[in-house]
Amino acid sequence: MPSLAHKKHLSVLLILILAFSLAGASCTRLTPPPWKFAVVTDTQGSNRAPEGHSCVNDRVVQAIANDIVLEKPDLVLVSGDLINGWFRNGGTPYPVQYQNWKKAMAPVYRSGIKVYPIRGNHDDGPERLVLPPLPAHLEPPPGSAARLKKTFQEALGEWWRPERPAAPSG
């Protein structure tokens with residue numbers, strides 16, 4: 001059973017949390033921000049399409065894409081792990097995995113909403129500082145990290161490359 005001192009400290013803590021919450025709420029703007037965005041992450045999956053592994057959680061990503069279009073954000077940030085990539089991909093080539101991802105996200109692309117993806121560990125290869133060599137059947141083939149990076153850039157690069165100003169003439 002909690003002591004009286006413990007209950008008192010808990011009460012003070014709850015009052016402080018409530019006070020800070022109210023103070024924060026009173027400081028917020030009443031006008032909507034000038035732009036809005038959506039964030040999606042971890043869309044990889046082991047679905048099996050009739051022709052093999054899609055390596056994307058197709059049905060869920062399609063539902064998310066449809067909802068994003070209804071919300072009409074100015075941009076979408078995709079914070080990694082778009083595809084299975086190197087991990088348990090059933091032999092599906094990296095370019096096909098990204099094609100499957102873009103197919104699932106097609107409503108967003110068609111609507112003109114900009115999509116800014118970032119590579120996660122499935123898009124890059126195992127993080128060796130955290131993950132030591134895996135059992136042989138799970139270890140990615142040699143050169144996978146470089147192939148994944150190149151494939152990511154080729155498949156999705158048009159969306160994440162910033163526009164560069166023209167070089168000064170003279």
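I began with aspartate 124, which is partly exposed with a relative accessible area of 33%. For my own reference, buried means under 20% relative accessible area, exposed over 50%, and partly exposed in between (1.4 Å probe, protein chains only).

A note on what I am looking at: this is a predicted model, where local features need pLDDT of at least 70, side-chain atom pairs count only at pLDDT 80 or more, and totals for chains, interfaces and linings use all residues. Residues are numbered from 1 along each chain as its sequence is written, and side-chain values use heavy atoms, with hydrogens and water left out.

**Salt bridges**

I searched the whole structure and got 3 salt bridges. The criterion is a side-chain nitrogen of Lys or Arg within 4 Å of a carboxyl oxygen of Asp or Glu.

Which residue pairs with aspartate 124? I found arginine 119 there, with the closest N and O atoms 2.8 Å apart. Arginine 119 is partly exposed, at 29% relative accessibility.

Next I looked up lysine 36, which bridges to glutamate 71 with the closest N and O atoms 4.0 Å apart. Lysine 36 sits in the loop between helix H1 (4-27) and strand S1 (37-40), and glutamate 71 in helix H2 (residues 58-71), so this pair ties together parts that are 35 residues apart in sequence. My helices (H or I, at least four residues) and strands (E, at least two) are DSSP runs, numbered from the N terminus. Lysine 36 is partly exposed at 38%, while glutamate 71 is exposed at 53%.

I then went to helix H6, where glutamate 154 and lysine 150 lie 4 residues apart, about one turn of the helix. Their side chains meet at 3.7 Å, N to O. Glutamate 154 is exposed, with a relative accessible area of 56%.

**Rings**

My search of the whole structure also gave 3 aromatic pairs. Rings of Phe, Tyr and Trp (its six-membered ring) pair if their centres lie within 6.5 Å; planes under 30 degrees apart count as stacked, over 60 as edge-to-face and the rest as tilted.

One of them is tryptophan 35 with phenylalanine 37: the centres are 5.4 Å apart and the planes at 40°, so I logged the pair as tilted. Both partners are partly exposed, tryptophan 35 at 46% and phenylalanine 37 at 44%.

Is the pair of tyrosine 98 and phenylalanine 152 tilted or edge-to-face? With centres 5.8 Å apart and planes at 75°, I noted edge-to-face. Tyrosine 98 is in helix H3 (residues 94-104) and phenylalanine 152 in helix H6 (residues 144-160), so the pair ties together parts 54 residues apart in sequence. Tyrosine 98 is buried at 0%, and phenylalanine 152 is buried at 4%.
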